[in-house]
Amino acid sequence: YMLTHTFFDSFKETDKIQEPAKTELIIPVSKPLLEVINPVSKQPIKTRFRAFLKDSLFWCMYVHSHGHTAFETHKAIGTNMLNLMMTEKRLISDFFNKEDNKTALKLSNHKITNIKINEIKCDLMTKPMLTSIEALIPCCVYWKCPIYVDLGNKTFLHFVPNTYVSDEDTASADPNAVLLYTVEGRFELEMDQEKKAQIIAKLRQNCYKIPHYEKPMMGIGTYKTDELHYLYDMVIGTKEDKKMKKHELYDAIAIKCAQGIMIRTMF
């Protein structure tokens, strides 16, 4: 009897019952579970420089001399890299053609003839690329640095100016030293100083240093049989047949070393 019209008029249309606010349920997730849900792949940091341009040897030496930032900056601003390379090579060629530097190419640990000196100078002026291992001779002399080339088969080459002074005990940690790898016909440059020092030390202690880029081994009379057994195990990577004679050991090692030296930069 109380539901009269005056009773209903006392309620306004705006007075509506408010619904309770919706709250999101937050479930704490432990760190291991987050790593499973969203794994982060840790990729190893690349410390090698590889120029995807023609003449990988030149660009490795350019980065060593001018820095990786300078190389990337030139690419980013649209510099004609071919023109930049030819300008730098012209400076190298001019350096060795100066009267005071005509015999400078003889000032390395790899002895070369006058005929070979003229060939190298001619290549610097005419060839668009540093296409052979011997091009490392003008590189080490011009940039005044020791260069180590890891040939990848327990052998390495070492190029250094005769005038370069370095402590033999700390040679591997020399910040001015250059470490190159040969990979698929290209040269790659090691940019990490600590890793470079470790690998150079490993090369010097555990690998065979080829005495000359044109002569992988000295005369057979220079080596004792025990030394050839040791080199065979190191370079070939397998135990030698004890019945192998001295000249057979020598030939096998020489062939393996020669295969590593015969490198041409294709790009």
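View 1. S5 covers residues 186-190 and is mostly covered, with five of its five residues buried. Helices (H or I, at least four residues) and strands (E, at least two) are DSSP runs, numbered from the N terminus. Keep in mind that this is a predicted model: local features need pLDDT of at least 70, side-chain atom pairs count only at pLDDT 80 or more, and totals for chains, interfaces and linings use all residues. Residues are numbered from 1 along each chain as its sequence is written, and side-chain values use heavy atoms, with hydrogens and water left out.

**View 2. Which strands pair with S5?** One is strand S1 (residues 48-49), which pairs with S5 in the antiparallel sense over two bridges. Look for Arg48, which stands opposite Glu190 in S5. Strand S4 (residues 178-183) also runs antiparallel to S5, and four bridges join them. Over here, Tyr181 stands opposite Glu188 in S5. For two strands to count as paired, DSSP has to find at least two bridges between them.

**View 3. Glu184 sits in the S4-S5 hairpin.** The hairpin of S4 and S5 has two residues between the strands, and Glu184 takes a positive phi near 55° there. Glu184 does this although it is not a glycine. Most residues other than glycine have a negative phi. Is Glu184 buried or exposed? Glu184 is exposed, with a relative accessible area of 63%.

**View 4. Lys144 has a positive phi too.** Lys144 lies in the loop between helix H7 (136-142) and strand S2 (147-150). Its phi is positive, about 55°, and Lys144 isn't a glycine either. Lys144 is exposed, with a relative accessible area of 52%.

**View 5. Glu88 is buried without a salt bridge.** Find Glu88 in helix H5 (residues 81-97). The nearest side chain of opposite charge, Arg90, is 9.6 Å away. A salt bridge needs a side-chain nitrogen of Lys or Arg within 4 Å of a carboxyl oxygen of Asp or Glu. For charge, Lys and Arg count as positive and Asp and Glu as negative, while His and the chain ends are not counted. So what does Glu88 touch? Leaving out residues up to four places away in sequence, Glu88 touches Phe58, Tyr62 and His66, where contact means heavy atoms within 4.5 Å.

Note on methods
Buried means under 20% relative accessible area, exposed over 50%, partly exposed in between (1.4 Å probe, protein chains only).
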